Amino acid sequence: MRIATWNVNSVRARTDRILDWLQRTDTDVLAMQETKCKDEQFPYERFREFGYEVAHVGISQWNGVAIASRVGLTDVRIGFDDQPGFHKDPEVAPVEEARAIGATCNGVRVWSLYVPNGRELADPHYTYKLEWLSKLRADAVRWLEKNPEEQIALVGDWNIAPTDDDVWDPALFEGKTHTSAPEREAFQSFLESGFTDVVRPHTPGPGVYTYWDYTQLRFPKKQGMRIDFILGSPAFAGRVDKAEIDRNERKGKGASDHAPVIVDLGD
């Protein structure tokens, strides 16, 4: 079974490209982030034409996460326990954003995650990001404690570069989000809790990235970041035969600024 994650940066703008990629790569399950549409705007019928069921949560033109599967899609859940919300005005009640959706696909519990960006270290969004990760980790630990043999995949755009090898120039990110110590510690806490970055052993760095900004010719200059991940529970990680980052999908007109990240599972 082939599972992938991809920040598509607007599913409606890239529907044809996504569906072509799914067919060309023979992918069974695709977790998408930053769909940028409300539920009623998602192109469900187009995906159904290609044999994929879709679970999606989108509230506005921002955020949005989805799972498309041709091998089953059951027990869909929007958000995780105690998922925090956000509002820039501290006097206004926080709003839960469309950043997490889970579903079981042929025995694998897949979570499509769009971790908050953080914006700046002094921004309330940064505190929100750390709280969001903390709550997700607490839930993930409970899932493993409840069933250590469950196949769980925490996949998506984590908006964290966990090591200096994961950014093209670490000095440029000093004092900024994505590489700060608290963010990296939050990411590491998932690894210490029993999850594994199942892609890294198959895509050793440095210089291996999943995201390249649209500006300043970052992609052709190979100036990127590795911020999209597939973290697997022990039972899931034990099935990974192969993993790759499809850098070619970042090329060409109309590409997302992220590349798909893929794992192949054995029996």
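I count two strands as paired if DSSP finds at least two bridges between them. Helices (H or I, at least four residues) and strands (E, at least two) are DSSP runs, numbered from the N terminus.

**Ground rules.** The model is predicted: local features need pLDDT of at least 70, side-chain atom pairs count only at pLDDT 80 or more, and totals for chains, interfaces and linings use all residues. Residues are numbered from 1 along each chain as its sequence is written, and side-chain values use heavy atoms, with hydrogens and water left out.

An open sheet of 6 strands runs 3-4-2-1-12-11, with mixed pairing. Strand 3 (53-57) and strand 11 (240-245) are the edges; each has a single partner strand, so one side of each lacks a neighbour in the sheet. Neighbouring strands here are turned by 10° against each other on average, direction ignored (axes are lines fitted to C-alpha atoms). I then checked strand 3 against strand 4 (residues 65-69): they run antiparallel, joined by 5 bridges. H56 has A66 in strand 4 as its bridge partner.

I checked its length. Helix 3 (residues 124-146) has 23 residues and should span 33 Å at 1.5 Å a residue; its end C-alpha atoms are 33 Å apart, which agrees. The expected span is 1.5 Å times one less than the number of residues. At the helix start, a side-chain oxygen of D123 comes to within 2.7 Å of the backbone nitrogen of H125. Next I listed buried residues (under 20% relative accessible area; exposed is over 50%, partly exposed in between; 1.4 Å probe, protein chains only). Among them in helix 3 are H125, Y128, W132, L136 and W143. Their cover includes strand 6 (100-105), strand 7 (108-114) and helix 4 (181-192).

I count Phe, Tyr and Trp (its six-membered ring) as paired if ring centres lie within 6.5 Å; planes under 30 degrees apart are stacked, over 60 edge-to-face, the rest tilted. The structure holds 10 aromatic pairs. F42 and Y44 have ring centres 5.0 Å apart and planes at 45°, so this pair is tilted. F42 is buried at 4% relative accessibility, while Y44 is partly exposed at 22%. W158 and F187 pair edge-to-face, 5.6 Å centre to centre with 80° between the planes. That pair links distant parts of the chain, 29 residues apart: W158 lies in the loop between strand 8 and helix 4, F187 in helix 4. W158 is buried at 0%, and F187 is buried at 2%. Ring pairs join W158, F187, F190 and F229 into a cluster.

Methods
Contact means heavy atoms within 4.5 Å. A polar contact is a pair of N or O atoms within 3.5 Å; within protein, one must be able to donate a hydrogen and the other to accept it, and residues adjacent in sequence count only if both atoms are side-chain atoms. Axes are lines fitted to C-alpha atoms, for helices over the stretch in contact, and angles run from 0 to 180 degrees between N-to-C directions.
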